[in-house]
Amino acid sequence: MTMHMSQAALQPDAGASIRAEVHAGLRSSPKTLAPKFFYDDLGAQLFEEICEQPEYYLTRAELAILREHAGAIADRIGPNAALVEYGSGAGVKVRLLLDAMHSPVAYTPIDISHAQLAHVASTLGRDYPGVAVRPLCADYMERLELPVLPASTKRRVAFFPGSTIGNLHPAQAIGFLQRVRHAIAPSGALVLGVDRRKEKGVLDAAYNDAAGVTERFNLNMLERLNRDLDANFDLSRFRHVAFFNEEASRIEMHLESTEDQSVCIGNEAVMFSAGETIWTESSYKYDEAALANVAGAAGFEVKQLWTDGDERFWVAYLEPSADR
């Protein structure tokens, strides 16, 4: 799970398309709901709490890598670069890069949340007066045209931290990376956060913290649908289930119905049998071969990998393949 998802409210003007998306997901087999529905205000708060749980190593590991290796990453990036962050969130990790980079000329945060984007743009614009901040409010999963960057820009470097790449099925990840490659041009580069494949026990614990915060986070999705789409999910009749699927190399998060039941979303009823689940999130875990395969299929080469002391996470440096 990551924070780099939509926090847009389900307002009436978007209600019809959102409702159609939810209905389609719950009519599919298996039933699914998109991870973007996690992030209302409470969901965002719960995610911050997840990051503080002792079992959830991902955020701490990535920050440790960036703190230790920001200088080496900056050397790879080179001078006079424009940094483009996909899913800027609160703009915490990017500061470690901007502080280490050699004469960065521009920063383009991309986020779907107007309020968060405006806050990040104004704060970083104040703290980095020599950097042209050119925000872009958009869904970064779509093909994008970046804002006009300063003429002194030598190269565009994409930054996609947080292991968000893991939330995408491999074909989706390849498509996303192809769009990034288009945006940064052949001379660009990508700095990518990647969670590594590891022992099942460590992974299962990370998504089933003892304090139950991830369980509350998962169930809050149903509470959000109750509020925003006039649904009547009884949260006591669903339970949080998360496990590492070793064959697919991914964590799966589900909400399991504990009994046969019918749930109304607006005027439409959805039937659940006991034990049936709603699949709410996947988080793929990569080894070197899998990362190279996905990157290569998208026209990238993995040039360098930095890891943490426990070898649980990677920050990867990728460049477009010369032959593509």
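Leaving aside its neighbours within four places in sequence, which residues is Val84 in contact with? In this predicted model, they are Thr108, Ile110, Leu146, Val157, Ala158 and Phe159. The legends below start from that residue.

**View 1**
The relative accessibility of Val84 is 1%, so the residue counts as buried. Its contacts beyond four places in sequence include Leu146 and Phe159. The C-alpha atom of Val84 is also 9.1 Å from that of Pro135, a residue 51 positions away along the chain.

**View 2. Packing of helix α3 against helix α4.**
Helix α3 covers residues 58-77 and helix α4 covers residues 93-100. Their axes come within 8 Å and cross at roughly 25°. Because angles under 35 degrees count as roughly parallel, α3 is classed as roughly parallel to α4. The crossing of the two helices is right-handed. On the α3 side the contact is made by Glu62, Leu63, Leu66, Arg67, Ala70, Gly71, Ile73 and Ala74. On the α4 side it is made by Lys93, Leu96, Leu97 and Ala100. Sorted by class, the contact of α3 with α4 holds eight nonpolar residues, one polar residue and three charged residues.

**View 3. Packing of helix α4 against helix α5.**
Helix α5 runs over residues 114-127, and its axis comes within 12 Å of the axis of α4. The axes cross at roughly 25°, and α4 and α5 are therefore roughly parallel to each other. This crossing is right-handed. Val94, Arg95 and Leu98 of α4 meet Thr123, Leu124 and Asp127 of α5. The contact of α4 with α5 is made up of three nonpolar, one polar and two charged residues.

**View 4. Packing of helix α6 against helix α9.**
Helix α6 (residues 170-184) and helix α9 (residues 288-297) have axes 8 Å apart and pack at an angle of about 50°. That angle makes α6 oblique to α9. The crossing of α6 with α9 is right-handed. From α6, the contact involves Ala173, Ile174, Leu177 and Gln178. From α9, it involves Val294, Ala295 and Ala297. The contact of α6 with α9 has six nonpolar residues, one polar residue and no charged residues.

**View 5. The cis peptide bond between Ser29 and Pro30.**
Omega for the bond joining Ser29 and Pro30 is about 5°. Pro30 belongs to the loop between α1 (12-27) and β1 (31-32).

**View 6. Positive phi at Ser163 and at Glu311.**
Ser163 is not a glycine, yet its phi is positive, about 60°. It sits in the loop between β6 (155-160) and α6. Its relative accessible area is 2%, so Ser163 is buried. Glu311, likewise a residue other than glycine, has a positive phi near 55°. Glu311 lies in the loop between β13 (300-307) and β14 (313-320). With a relative accessible area of 51%, Glu311 is exposed.

**View 7. Cysteines Cys51 and Cys264.**
How many disulfides does the model contain by the distance rule? With sulfur atoms required to lie within 2.5 Å of each other, the count is zero. Cys51 has 12% relative accessibility and so counts as buried. Cys264 has a relative accessible area of 31% and is partly exposed.

Technical notes
Residues numbered from 1 in each chain as written. Predicted model: local features only at pLDDT ≥ 70, side-chain atom pairs only at ≥ 80, totals over all residues. Heavy atoms only, no water. Axes fitted to C-alpha atoms, helices over the stretch in contact; angles between N-to-C directions. Helix = DSSP H or I, 4+ residues; strand = E, 2+ residues; numbered from the N terminus. Parallel < 35°, antiparallel > 145°, perpendicular 65-115°, else oblique. Left-handed = near helix turned anticlockwise from the far one by under 90°. Contact = heavy atoms within 4.5 Å. Nonpolar A, V, L, I, M, F, W, Y, C, P; charged D, E, K, R; others polar. Buried < 20%, exposed > 50% of the residue type's maximum accessible area, 1.4 Å probe, protein only.
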